Amino acid sequence: MMKLVLVDDHPMVLKGLRLFLQMQEDMEIVGEASNGQEAITLVRTVQPDVVLMDLMMPVMDGIEATRQIHESLPEVKIIVLTSFADQDHVIPAIRAGAVGYQLKEIEADELAETIRAAYRGMTQLHPKAAGLLVNQFVTGETNGNGVSVESLTPREQDVLKEITTGKSNKEIAAELVIAEKTVKTHVSSILAKLALSDRTQAAVYAMKKGWFT
């Protein structure tokens, strides 16, 4: 069972999410919060697998809450679920540690799959959010330092190629017939060499450079 925490300041939104997600046989809602500060306290207490995080909330917004949760509990997967898909929200949320970014207009079944993907260590972004991330690399507003793919070892290149397909560390380990711990080591090395902070940025950077096309 995936343990979920729902964070939103609108009771009707929480009610709708609760009603749908309670119908999923592989999901259990272990807590709800109405602002970012409540979310931090709750997540640290119940330590869920996945958090659905609204952005615009009183007391503390979702971006700051995401940042603090990610820093203290990086294993908790945070999916932003919001009505905003502009640069001022998407980029800060991803940089804060969100592994997914979806709009509240999302279909219910697609939301369930986004949660399952996050639980498996995969990233799913709304097309508008993905487009903004790509644009950040095109305009040179993120890191990467202009390195070439040859700066990575052959095995690191293999791992990065699998990351661009959305595979989790476990799935990459199975695909390349190596230990999951070894995959984690390669991912850390890749991020260090590219001067990037997470695997989502690495995937977008590699795709923008056309390394594996």
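At 4% relative accessibility, Ala98 counts as buried, because the cut-off for buried is under 20%. The model is predicted.

**Ala98**
- Ala98 sits in a loop. That loop runs between helix α4 (87-96) and strand β5 (100-103).
- Setting aside neighbours within four places in sequence, Ala98 contacts Thr66, Ile78, Val80 and Ala93.
- Asp88 is 10 residues away from Ala98 along the chain. The C-alpha atoms of Ala98 and Asp88 are separated by 14 Å.

**Annotated domain**
- UniProt, in an unreviewed entry, places the feature "domain: Response regulatory" at residues 3-119.
- Over residues 3-119, the chain is 47% helix and 22% strand.
- The end C-alpha atoms of residues 3-119 are 10 Å apart.

**Helix pair α8 and α9**
- Helix α8 covers residues 169-176, and helix α9 covers residues 180-194.
- The axes of α8 and α9 come within 8 Å. They cross at roughly 110°.
- That angle makes α8 roughly perpendicular to α9, because 65 to 115 degrees counts as roughly perpendicular.
- On the α8 side, the contact is made by Asn169, Lys170, Ile172 and Ala173.
- On the α9 side, Glu180, Val183, Lys184 and Val187 make the contact.
- By class, the contact of α8 with α9 has four nonpolar, three charged and one polar residue.

Definitions and conventions: Residues are numbered from 1 along each chain as its sequence is written. This is a predicted model: local features need pLDDT of at least 70, side-chain atom pairs count only at pLDDT 80 or more; totals for chains, interfaces and linings use all residues. Side-chain values use heavy atoms; hydrogens and water are left out. Axes are lines fitted to C-alpha atoms, for helices over the stretch in contact, and angles run from 0 to 180 degrees between N-to-C directions. Helices (H or I, at least four residues) and strands (E, at least two) are DSSP runs, numbered from the N terminus. Angles under 35 degrees count as roughly parallel, over 145 as roughly antiparallel, 65 to 115 as roughly perpendicular and the rest as oblique. Contact means heavy atoms within 4.5 Å. Ala, Val, Leu, Ile, Met, Phe, Trp, Tyr, Cys and Pro count as nonpolar, Asp, Glu, Lys and Arg as charged, and the others, Gly among them, as polar. Buried means under 20% relative accessible area, exposed over 50%, partly exposed in between (1.4 Å probe, protein chains only). UniProt positions are given in the numbering used here, feature names are shortened, and annotations may be inferred rather than shown by experiment.
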